[in-house]
Amino acid sequence: MVSACPACGSANNAQVGREATGFTSLAGGTPFQQRPYTVGECATCGLIFKSHTLSLDQLDEYYAKLECATYAEGSFPTDRHLSRLLTRLPEGSTVLDFGCSTGRVLNAHTERLVCYGVEPNAEAARIARAGGTRIVTEADLRAGHVAGFDAIILADVYEHLLEPSRVVDLLAGLLAPGGRLLIVTGNADAIRMRDFIAEFWYFRTPAHLIMASMRHFHWLAARVGIAVEACHLCSHYDTPVSERAVQYARSLSYFLFQTVTVGPVARVLRAIPVLNRAARWANAPALTCTRDHVVAVLSRPVASGS
């Protein structure tokens with residue numbers, strides 16, 4: 001059980017909402033069982049985190065067995081925003097993508113920028129390298145073999161980290177003066193139905209352990225001596241309007257059945273053939289079209305007199 005905040009180590013946290021059921025996910029044909037869990041909110045740093053997760057060995061096995069296609073699903077709205085930020089960098093700027101996947105963000109910029117990536121999945125790293133990204137290891141970074149980056153990307157990685165502050169400490173120290181740390185992760189503030197936060201689609205994968213809030217980003221930036229320059233909110237996925245309508249209808253039906261259990265409204269809901277299916281659902285349906293992601297831009301101050 002996770003009782004202390006993964007980011008700041010504080011035990012001062014409180015459960016948010018109700019417990020979510022366990023579930024099974026497949027990776028490379030192997031089932032991985034997520035136990036039933038709740039989520040807690042840290043009173044010190046504002047991080048949202050699961051009470052129960054896979055063990056470290058299970059997480060390592062899960063990542064090793066994920067097919068490479070999982071890493072290159074396409075261009076996401078968050079990826080496109082990162083690319084726009086990269087196009088504003090002067091030619092020859094040095095960029096690191098920590099968890100670069102197949103290079104889906106960097107490889108469009110390798111002819112104009114000096115691009116480095118850290119990627120533990122061997123096949124994903126091979127594809128990124130073929131696209132022009134120079135692959136290094138976390139050990140290389142900690143040894144100081146490469147540093148002074150004008151931009152560092154941490155996209156779709158923060159939510160996977162067992163000790164997120166340790167990684168941000170490392171990356172913030174590798175920024176050049178005026179450099180920017182670009183973090184893409186889930187936006188906990190987007191979840192309005194707080195009693196159902198553990199059932200939110202973002203937590204329904206065994207590898208998503210934590211979720212950040214705006215308060216958490218400000219705490220994180222202050223901790224490492226950098227500033228929150230901007231936070232761009234968007235969906236992670238391009239969802240057609242028709243699919244959005246279906247998702248909202250399913251979600252509304254579920255929440256109504258969970259919160260309105262007696263009285264005339266409940267009787268009307270149960271009489272509607274399409275809506276009454278939601279009464280039998282064990283968990284909230286996926287709602288993936290809200291502004292549930294953030295591209296946080298954290299900047300390192302330029303030294304006085306430079």
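Thr205 is in contact (heavy atoms within 4.5 Å) with Phe23, Lys50 and Tyr62, leaving aside residues up to four places away in sequence. The model is predicted: local features need pLDDT of at least 70, side-chain atom pairs count only at pLDDT 80 or more, and totals for chains, interfaces and linings use all residues. Residues are numbered from 1 along each chain as its sequence is written, and side-chain values use heavy atoms, with hydrogens and water left out.

**Thr205 and its setting**

- Thr205 is located in the loop that lies between strand S10 (175-186) and S11; helices (H or I, at least four residues) and strands (E, at least two) are DSSP runs, numbered from the N terminus.
- With a relative accessibility of 18%, Thr205 counts as buried; buried means under 20% relative accessible area, exposed over 50%, and partly exposed in between (1.4 Å probe, protein chains only).

**The open sheet**

- Four strands form an open sheet in the order S1-S4-S5-S11, and their pairing is antiparallel.
- Strand S1 (13-20) and strand S11 (210-211) are the edge strands; each has a single partner strand, so one side of each has no neighbour in the sheet.
- Two strands count as paired if DSSP finds at least two bridges between them.
- Five bridges join S1 to strand S4 (residues 37-42) in the antiparallel sense.
- Asn13 is placed opposite Cys42 in S4.

**Residues with positive phi**

- Most residues other than glycine have a negative phi.
- Ser101, which is not a glycine, has a positive phi near 60°.
- Ser101 belongs to the loop between strand S6 (94-98) and strand S7 (114-118), and its relative accessible area of 6% makes it buried.
- Asp156 is also not a glycine, and its phi is positive at about 55°.
- The loop between strand S9 (149-155) and helix H5 (164-173) holds Asp156, which is buried with a relative accessible area of 17%.

**Helix H5**

- Because seven of its ten residues are buried, H5 is largely enclosed by the rest of the structure.
- The buried residues of H5 are Pro164, Ser165, Val167, Val168, Leu170, Leu171 and Ala172.
- The cover over these buried residues includes the strands S6, S9, S10 and S11, together with helix H4 (138-142) and helix H6 (214-224).
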